[in-house]
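Have a look at the sequence and the structure first, then read on.

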Amino acid sequence: MTTTWMRWLSATMATPLRFVAFVARAAAAALRGMPAIDVALLTSRLLVRSLPIVVVVNFFCGAMLTVQAAASLQIFGAASMSGVIVGFGGVREVFPLLAGGALAARSGAEIASQLQAMRVTRQIEALAMMGLDPLALLVAPRLLACVFGAPLCVLAAMLAGLFGAQAVGTLQLGIDGGTMWAALLSGVSRFDVVVGAVRGVLLGVLVGGVATFEGFASGDNDAASVGRAAHHAVIRGMVVVCAACLLLSWLIYGRHA
Amino acid sequence: MTSSMPAPAARSAAIELVGVTRRFSARAVLDDVNVAIAAGRTTVLLGPSGTGKSTLLRLATGLLSPDAGVVRTLGVDVFAAKKPSLLQLRRRMGMLFQDNALFGSLSVFDNIAFPLRRVARTPEADVRRRVDELLALVGLSGFGERLPDRLSGGQRKRVALARAIALEPELVLFDEPTSGLDPQTSASIDQLIRATQRRLGITFVVITHDIESAALIADDAGLLLDGKVHVFGDRATVWASTDPRVRAFLDRAPPAGAPR
């Protein structure tokens, strides 16, 4: 019985442990230094690709949250205060979560499929054969690009969500613009924005870590593995984003609500 | 000579395998292999598909590790070496992959310049001069600005060769260099390999199952069968072998029981 449990535990923990070791090695490679231009180019590419989707998704999400908040507060005749709920729950939870999901879906999938395609076409082996360290050359700069880019995505998501709420509040629900904006901001503190940026760094490590792990370390060499790597980067990326957001919420807001 | 005996190392060995075994799952792809590949010559390793030729190359470069035995490449014990020493060793080698492994987003020029810029940190003026030299050597002057996917299979192979020798390695490994090429292009690649080896005087190790190609470029040859080096020696000796399995491979006799 004990042996069965041990076997189950080691099989279950093998991939997470490999993942942690992989990210630690990539982080160590990043600390050893790399061309800043590579990181800058990758970060700007990540922002160009991911920011539009992050902004669009969160704008609509802010708008939808406002509609639902207004519908429920209408019962108490307080629809004009719907901004408080959107500002409070959106900025603290929903917008960063959606930013992480959009980042995993857009840039995570791209990073994973790019690295796996390089694996399949032996380009990674070619780099190794030149005496270069592919982990330092390919993985570390992509991981850093995610770490630098994700906080900006989270902050952009917060702003887009608030603007979406403001747009619906004023244009559809007829709430006064000043009242709506004041209600939205009343739910947001400077602490929330700082937590959002920190959460962005963590989401960057997770999304970037999962994407590079799926693309670089899967060990598969068949053509279908490129699609598999992208698929895993999105699904697993979103799962870890959700889990991390839940954990952070509990750690930070569970005590300071 | 048969597999259980190491090859005579009259010249210094560029690659030496001693008692090397490598398994994939339960199957031993290489089984107690002993072989010494002489420096400064072109050695061709022949064998049917799945007999461990590519595995042997990957062991020699440290891209794979053996389950047993010792692999020494350019005098370095590959699996006792720490990572910096292994990276240093690989800088003394070049490899031409079966599918070329060119960087698709980089031009021909930038592909060849890549190891010069990233590994050797060569000044840009010298990079241009060296890449132009290499393009001329492989017969692709004027192709520098093209992307790899705008080239034919033979041209891509030439670019891969130019990149593999860019850092002036002591040893170049070729994984099925004529695979997927038409006979005329294959012959031109064979000639290029032969001419380049003569010109540079370095060690070339080629794995292939193309017997015509092997006959043209080999100084030494070995035949891998059932995970062992079945025969190894200079080309004339191997081609004159009367061993029935060697003859069957070289004469392209279909295996017994193969459908007609």
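## Salt bridges overall

Searching the whole structure turns up 25 salt bridges over all chains, a salt bridge being a side-chain nitrogen of Lys or Arg within 4 Å of a carboxyl oxygen of Asp or Glu. Keep in mind that this is a predicted model, where local features need pLDDT of at least 70, side-chain atom pairs count only at pLDDT 80 or more, and totals for chains, interfaces and linings use all residues. As for bookkeeping, residues are numbered from 1 along each chain as its sequence is written, chains are lettered from A and ligands numbered from 1 in the order in which they are written, and side-chain values use heavy atoms, with hydrogens and water left out.

One of these bridges joins E133(B) to R129(B), with the closest N and O atoms 2.9 Å apart. How are the two placed along the chain? They sit 4 residues apart in helix 4 (residues 124–137) of chain B, so about one helical turn separates E133(B) from R129(B).

## Chain A at a glance

Chain A has 8 helices and 0 strands; these are DSSP runs numbered from the N terminus, with helices being H or I of at least four residues and strands being E of at least two. Read from the N terminus, its elements go α-α-α-α-α-α-α-α. Along the principal axes, the C-alpha atoms of chain A fill a box of roughly 70 × 55 × 35 Å.

## Where the chains meet

Chain B puts 19 residues into the contact and chain A puts in 15, contact meaning heavy atoms within 4.5 Å. Together the two chains bury about 1600 Å², 65% of it on carbon and sulfur atoms. Buried area here is the accessible area (1.4 Å probe) that two parts lose on being put together, summed over both. R90(B), F103(B) and R118(B) supply 30% of what chain B buries against chain A, more than any other three residues.

The rule finds 3 salt bridges across this interface. Among them, the side chains of K83(B) and D133(A) meet at 2.9 Å, N to O. On chain B, the elements giving two or more residues to the side that touches chain A are helix 1 (53–61), helix 2 (83–90), strand 6 and helix 3 (108–118). By class, that side of chain B has 11 nonpolar, 2 polar and 6 charged residues. For the classes, Ala, Val, Leu, Ile, Met, Phe, Trp, Tyr, Cys and Pro count as nonpolar, Asp, Glu, Lys and Arg as charged, and the others, Gly among them, as polar.

## The largest cavity

How many cavities of 30 Å³ or more does the structure hold? There are 4. A cavity is a set of points on a 1 Å grid over the protein atoms alone where a 1.4 Å probe fits but cannot get out, and lining residues have an atom within 4 Å of a point. Grid points are joined across faces, edges and corners, and a volume is the space filled by probe spheres set on the points.

The largest cavity holds about 130 Å³ of space. Its lining has 13 residues, with M130(A), G94(B), M95(B), R163(B) and A164(B) nearest the centre. Strand 6 of chain B gives the most to this lining, with 3 residues. The lining's classes come out as 10 nonpolar, 1 polar and 2 charged.

## The second largest cavity

The second largest cavity has a volume of about 90 Å³. Residues lining it include L42(A), R45(A), S107(A), E110(A) and R142(A). Helix 3 of chain A gives the most here, with 4 residues.

Terms used. On a 1 Å grid over the protein atoms alone, a cavity is a set of points where a 1.4 Å probe fits but cannot get out, and a pocket is an open set with protein on both sides within 12 Å along at least five of seven lines; lining residues have an atom within 4 Å of a point.
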